[in-house]
Amino acid sequence: MGSHRTARAVIAAAVVTAITAAAVLIMGFVWRGTGGNRAQVSYNAVDMRAQMLDNGDLRITQTFDYRLESRGTPWRQMFQQYTLSSDRLTTISDISVTDLTTGRTYTQDDTVHSPSGYGDAGWDSECAGRWYIADITQSQSHPDPFDSELDALSATAVGEPAQTKDVEIGWNIPSTRSAKSIRIELAMTWHGVATAYDDVVALEWEPFSALNSTPAARVTGTFAFPKGISESNSWAWLHTGAASETTRLDDGSLQFTVTDLLGGEYINVVVMAERQPTSAVSREQAGRMKQRILEQERQEARIASNARQREARGRLVIWLIPAVLALLLVVGALIGAKRACAQGRRHTEALEYWREPPDMSPAAAAALITDVMPGIQGSRDDRQMTSTLLSLVTKGAVAIYPGSAAGYCGLDLSRADCVSIGQLIASDPRREADAAGMCTLVIMPRVYTDRAGLQLCRSESALLDVLLRASERIGLPVFDFGQMQAALKDWRQGYAWLHGFEDACNAEYQALHATVPVGVGARMLGGAAMIASWLTAFIYTAAVGQIALALVISLPLLFAATFAAQVSPRQAFTAQGEAYADQVGGLMRYMEDFSEFGDRGVFDTVLWGRYMVYAAAFGISDKLMEQMERAYPQLADPEWANVHASNDGLVYWSARRNRAMRSRGSGIHFAFGGAAGGGSFGSMVSSSFSSVGSTIRDAMPQSSSSGSRSGSRSSGGGGSFRSGGFKGHSGGSGGGRGGAR
């Protein structure tokens, strides 16, 4: 592979991949914003800590990180609702509410204020900064007062008819139009949660129930047992249908993480510990429950695992089908590109130098050098036109003089010599300035009398026809490029004549039979692979919301597909073409290094005129002039140039160093045709990767996936059957559901 082509292919692949990655991220944010995860009120994160007390109560601390979207009315009230039940949660006490964003500790209010009954100023001064607990069993819009002691439920045994109440713990925040983050800490004690059996103490803690409508990007939690309970004599399970991970610590604590908890999804923690002789749990029930709970959890875990495995395997199949198709296309494209590069590689050792003009027209040389040395300066069309025009000058078909045609009024430029014109320009500063910005072209009389004697090739003849048509429209055989541009501006047939020149250039190049097409299949497969990669990225991101798949599957495939399509050469040299390639490549290197040769010989203006023609075809006119001036320092002497270089206009004008010409660069430049020779980005990606990882693990056979996730330890002592949650039963104590008004 050519280093230039490989570098260009890598850059192109990187650019296409980067643009697609940006589109994937944008689609990911849009999907999270419209796919159900972005509600008017949501949790950026929730962190929960529950400490089981010796008497079976729970001391709970929950930190809610709220995100509030803008709506018509301001946000003023946040709340958490729980269900009290005489057989699992009798009351809630020891409540405290702290705004961690501002550091403000809220005070209790006996009255539940309606947010709609106040203006911003009135609400902030009278209600903000207070919390309440109320009985909403009968009505949420007209809650009743609730006293944690007086209104507590009397404990009943599990299985007996239970009394229930719904309570709401709320707090009034200052009027807020929108907020990316408001962190609130709610601490409380839940009473009568655990039940002591003959062999174990068991409880269920449900911080989020199926009735909860507020989604959370991430929920982390810790459940800690009383002292004396360790991993060896306790069990813990996490019930949830969302992607989750769990870890059991040596002290028996259960740590869990739930990702992308949607509205309507629950979190239910089931724990059990061997009953200690000193147990102080108030609710007692005769019978042994350990094996019953273990068997129930095993069965639920098995059912959930099988369902999750079927779902995950189906999801993997859907994910893999487009990925495999794209992969096959990419592999085919890379194989095709490798073969094309092998075909395009030179099979003979290139000549280091070639000292004679090549056996082809300047237009053909300009086309061939592009294939021989990728990265050549200037477009091929511009180099073909410029070099062909200069070739017409060296063959005497046309002459070119510095300056505009108006500066030569009264002079017969078809008979003029370079020395007299040079002296005329040097004698007048205005002519010097004019010579720096324009060139005048002269169609020599021989074109009209002996065109066949000029021995023009097809491309030279075609360009001469264009110049003759321009001369006819101007009405003179002498005109500058400005006049020519104006004359051709509205020339409808001009395109056809110019197209004839281009056809002649192409025909001359094709006549060399220097190259054959290669890499067609690689480019077609690469293009198809790019389309397939884009489609997989769209499917993964916009259809199923798995940005992780787009990042780790679609983008690498897209990079490889683009690289294969770009790196594959379009042409390969034939045996005859390699000989021609040696000529143009060797001549270019020779002209670039000419001043280093000691056997240059006497200055030959005819040879240097042809060198300048092919230097224009190669895009190295400036380099050639530098080499010529180093090799022949005498060119800097105007008197020497007048004597030895005046018979070739190209060499003479390039050698003259008057200031007007020098302002245009080293040597004269001939121009023709306008050319001279849901949350944050981190949480979005993390959530997607977590979900993908869960799907892959769930698709494995249970025996292969029973190990811990993400390096977490497996739960010993008969704890969680998997180191992640499973969709077991819900309905534990609390049944939490939250929101904001």
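So, Gln 81: it's buried, at 5% relative accessible area, where buried means under 20%, exposed over 50% and partly exposed in between, with a 1.4 Å probe and protein chains only. Quick caveats: this is a predicted model, so local features need pLDDT of at least 70, side-chain atom pairs count only at pLDDT 80 or more, and totals for chains, interfaces and linings use all residues. Numbering starts from 1 along each chain as its sequence is written, and side-chain values use heavy atoms, with hydrogens and water left out.

Back to Gln 81, which sits in strand β3, residues 75–85. Strands (E, at least two residues) and helices (H or I, at least four) are DSSP runs, numbered from the N terminus. The Gln 81 side chain has a polar contact with the side chain of Gln 140 at 3.2 Å. That term means an N or O pair within 3.5 Å; within protein, one atom must be able to donate a hydrogen and the other to accept it, and residues adjacent in sequence count only if both atoms are side-chain atoms. Leaving aside neighbours within four places in sequence, Gln 81 has contacts (heavy atoms within 4.5 Å) including Val 167, Gly 735 and Arg 737.

Next one: Ser 361, in the loop between α3 (290–344) and α4 (362–372). Buried or exposed? Buried, at 12%. Its side chain reaches the backbone nitrogen of Ala 364 at 3.1 Å, and makes a polar contact with the Glu 508 side chain at 2.6 Å.

Last, the strands: β10 (179–191) runs antiparallel to β2 (58–68), joined by 10 bridges. Pairing takes at least two DSSP bridges. β4 (91–99) also pairs antiparallel with β10, over seven bridges.
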